[in-house]
Each structure stands twice: as C-alpha cells, then as structure tokens.
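Student: Could you take me through the reading of a few features in a model?

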Amino acid sequence: MSSAILTGPPVPGSSVEDDLRALGFTVSVVARPAELAAAVAAVPAGERVAVVDAGFVGHRHSLRLGLTDPRFATAAIPGAVAAGPAGRPALAAAVAALDEPAGPPPAEPAGAPLAAPPAAGRLADRLAELLAAGDAPPHRPELGTLVAEVPADEPARAAAAGRVAAVDEEAVRLRSAVKSRDGFTTTHLVSPYSRYLARWCARRGLTPNQVTTASLVTALVAAGCAATGERLGFVAAGLLLMASFVLDCADGQLARYALKYSTLGAWLDATFDRAKEYAFYAGLALGAARGGDDVWALALGAMVLQTCRHIVDFAFNESHPPSPAGGAANAISGRLDRIGWTVWARRMIVLPIGERWLLIAVLTALTTPRTTLLVLLVASGLAACYTTAGRLLRSLRARGVAASAPAALRGLADNGPLALAAGRPRLPGPPAPVWALLAVLLLLATLPPVVGAGSWLAVLGALGYGIAAGRAAARPLRGGLDWLLPPLFRAGEYLTILLLAAHSEVNGALPAAFCLVAASAYHHYDTVYRLRGGAGAPPRWLAMATGGHEGRVLVVTVAAALWADGQGFTTALAVLAGAVALLVLGESIRFWISSQAPAVHDETGEPA
C-alpha cells in the first residue's frame, strides 16, 4: 500500500490526483503546511508515503519513476518526494525541520490568476533538500524528455502542459525499459520486440518473476529437446533456447517498465541465467551420448570456463569499482567509444549472454553437440583472454583498491577449515597472488593426468594447495592484483574435479563431476550477489560445513585415490554434490526470501 499527500487542493483541471490514484496511491490533502507532520505520521509505518505539490504538472511516468521505485529508501523529482518504509524516519525528521508559520494561507480573490508560489511554499522540493542534507539523500531518476515541474503562474502552467502533450510518454517508457548499455544481439535483435512483450505482460498483470520462471521452464524444455539426440530435437532446442532468452530480456524490461522490483526477483534473476545455460550444456551431453559420442568433459569444461570468466569480472569490480578515474586503459577505451563500430565490436568480443546464447542456439540446430561445445570453448577462451588482459592492465594502472575489497575478496575466496588454519598466524611472505598461483600450480602438477598413476601424490598436492591458499588469504588483500585470488581458487577447484573425473574413465564420473561443479558454482554466484547487495558473504558456518574450496578438493583427491578404478569414485562425487547442493540451496533460499535480503538488479549492462 502507498499513500500520497497533496500540499493543498489540486489546481482546477490538474490530473495529478487521478495520476496518483492510477499509480496505486491513496490520496489525501492537507490545507496548510502545519498539518503535514500529522498527515505523514498517520500513514502506517509499513507503507510508502509521498508528498506532492498541488501545483505539480508533469507526466504520470515522471511520478511513477520518482515515487514508486521500491529499490530506493527515498526519491524525489521536482514537485514530489517519496519515502519507503526504510526512509520514513528521515522523511519525518525532514518534515519536523520545516520552519513554517502556523497561520492560515492568504486568501486569493475569486478568479485571480495562480500566484507564483514562494520558496517557502514548495514543500516537496524543500523536503528533498532537507533529505539531501541529511543521511538519506533521495534518488533522483533521469527523466529525459519527461516533464515534472511546479509552474509559477498560469502562463507557465499552460506552457508546461504543452510540453507534456508534446512528448509521447508511452514511447519514452518503452525506451527506458531497455538497458542503456547492452550487447549487440540484445540491443538490435531482441529488445526491439521484447519490450512490447514486456508491455503486453504488464497490461495483463503478469509479474517479472512469472516471466523469469517461464524463461527457466522454456530453457529446461530446450535442454530436454537437446537430450533426445535427434536432429529435430536439436533444432527445437536451438529455437527454444532463443525463446528463453527473449523471455529473459522481457522480465527485466517488465521490471523497469512497471517498476516491479522485488527481493525474490533479484534472486531469481541472479541465478536462473546460469541454471538455464548449464542445464543446456548437460542436455547437449546427454543428446551426444544417445548418438554414441561422450562430450561430458567438454560440457564440464565449458561450465568451468564460463564460471571462471564471471568470477574474474566480479572479483575485479569488487577491488576496482567500475569507471575508476584516469588510467591509460580508460583513455584508450574512451577514444574507441567515439568510433561507433568499435563499441559494438568490443561488446561482442567479450561474448556476453546474448551473443553466447545465439552462438549455442545456431550451432545446436545446425551441427553436433561436440562442434557446439568446441566452438563455445574456443570463443569463450578468446573472450576470457581479452577481458582478463584488460583487467590486468587496469589493475597495474590503478591507484589503490576499494576500502571494501579485502572483506569482499575473502568472501569470494570461500576458504574452509584447512585454509583458515593455515592462515594463522599472519606472517610476512610473498604477495597474495604469488601464494595463490603457487597453490594452483602445486595442485595441478600432482594430479594423475600429469604424474600418471600417482593418485596419493594428488592428496599431498591438495594439502599443499589448502595451506598455500590459506597463506594467500591471510595477506592484507589491498594489492592491485589481489583480486586474482578468487579466480585462481575457482580454477584450482573446478579443474581438479574435471581432470580427475576425466582421468578415471569410470562410467558416470563426469556427469557426477558436472553436478558437483554446478553445486559449488551456485554457491559462488550466490556469494557474488549477496556482496553486490551489500549483505556480505554467506555465514561462516556454510563455508565450514561445505569444506571450502580446498576442503572439497581434498575430499575429491582422496576419493580418487581410494576408488579411481571403480564406481566408488562416481558415488563419492555424487554424494558430495548432493550434500553441497542441499546446504547451499537451503541457506540461499532462506536468505533471499527473508525480508532483510536486498533487492539487487543489474542495470549496468555488464556482460553476463
């Protein structure tokens, strides 16, 4: 529920009251400023409250943007200010700080033109100024060509009304439903019509969560079609995968079009993309198996590479927030952005989700699962080299790291009991990235694919990996390259599982390894989106219970040493996958549906 308080009777002919009611507000009117505090206090604490100047002239969508966005505690546009439950105390304090005379407003002669409102009379704007001066500065949405103002007299009011009529509000609303920065495929091949699908959904009362769920179901059906191993099934899988992507675009556009953001929606949007893509990889592997081709190692390799690519982006941005000032890399990027075609070329090189899914869909429909996964691995590998090189260049040029970087990087590291014990006490030594790189090299150098049948040597390598990882995370993590720790740890864990499962040649080992990496990857993505929302990493007990990355590596190497030649290894991988999935999903669901969980939606256009 929401309540809007007009600071006086609406001007004759004004639509502001109807617009507010159409946006879901219960509208009340205060005759004078002295009554405002009581009116605000009378609104139930759990409701959003808005204060709107009675002389407001503007588009309904301006009011929607300024007053209804649930992501912000306080927000303001010219002539209107709003506060959600979290911002209500700040708004009440601002109302109390108003210095208004208690007398009645001066009488106007009948038929007199609208007088210019004195500065003291524009209560909404004054409240916004008081909020900005305090601890709850209001969000001010970009209005673009939309109108929102409080005219000073009748001629100004007529001119403002003319500007309102001259703008196609619906066209502006549709354009604003699309991210301002996105990939080529999304921008030019999908968004031109998916925005109309989003509007169709909004007019029928559908929610973004329902569209997100429809996208997931469509992708799972696509994976099922790929799993048939038939050419018709592959064609249907490609078409359904792109249909799923259209729905995936539409859910975010619906959220922006109707400003329907939610905590649950944030969680679904953050996790379903990965679930859809990785389920499709599994579908390709199952379909290939029906044709006598084993591509589980390729499917798992594609998932490992994609997850490591994402953690590079996430860890770098935690250490060096986007758009840092200065630097040669940024100067070059700025010059390239002035050449139109280079913008799209650079966005396509990084293989964002639109380009990636289009590539997978076309290759699935026209070729074989093996070809699809091989091309995907090559393209993703090139994209990973390009983006990682850029991250390294920016890190070397950057001055310092974000104050929150050490805590965020430790959360992303996902260290368990062994690494935590090895990190005490904190002693001087090499920089954190050197320790992390040493840990991964020590681990990979002792795996059976490298040293032959020496499986127990891999256990010693896993112990060394855990100790070196603990020494790395024990460093202050304020160096420019310390963001490399989480990607290196992800590579160490996931590659160990992949290489041991592939080397064992035991029936079912690779599918079980796929499930284990998927469960661990979900945990790591969940950590990323908690950090993005400012909620911190998952509770420490979860890392202890799941063993941390080094604990899982140790368990897998011990299982390989004990049962590498039998079904025991497959069983061990499956049991570990089930235990990790049960723990991380249970805690994740508990967190994201709790009222304290933040609603975080990606509006940056960063490739996914």
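Predicted model: local features only at pLDDT ≥ 70, side-chain atom pairs only at ≥ 80, totals over all residues.

Tutor: Residues are numbered from 1 along each chain as its sequence is written, and side-chain values use heavy atoms, with hydrogens and water left out.

Student: At what angle do the axes of H9 and H11 cross?

Tutor: Helices are DSSP runs (H or I, at least four residues), numbered from the N terminus. Axes are lines fitted to C-alpha atoms over the stretch in contact, with angles from 0 to 180 degrees between N-to-C directions. Helix H9 (residues 208-226) and helix H11 (residues 263-290) have axes that come within 7 Å and cross at roughly 5 degrees. H9 is therefore roughly parallel to H11 (angles under 35 degrees).

Student: Is Phe234 buried or exposed?

Tutor: Buried means under 20% relative accessible area, with a 1.4 Å probe and protein chains only. Phe234 is buried, at 5%, and lies in helix H10 (residues 231-258).

Student: Which residues is Phe234 in contact with, leaving aside neighbours within four places in sequence?

Tutor: Contact means heavy atoms within 4.5 Å. Phe234 is in contact with Cys225, Ala226, Gly229, Gly287, Thr364, Ala365 and Pro369. The C-alpha atoms of Phe234 and Ala365 are 5.0 Å apart, although 131 residues separate them along the chain.

Student: Which residues does the "transmembrane region" annotation cover?

Tutor: UniProt annotations may be inferred rather than shown by experiment. The unreviewed UniProt entry gives residues 372-389 and 432-450. Residues 372-389 are 100% helix, with end C-alpha atoms 26 Å apart; residues 432-450 are 89% helix, with end C-alpha atoms 26 Å apart.

Key. Helix = DSSP H or I, 4+ residues; strand = E, 2+ residues; numbered from the N terminus. Parallel < 35°, antiparallel > 145°, perpendicular 65-115°, else oblique. Buried < 20%, exposed > 50% of the residue type's maximum accessible area, 1.4 Å probe, protein only.
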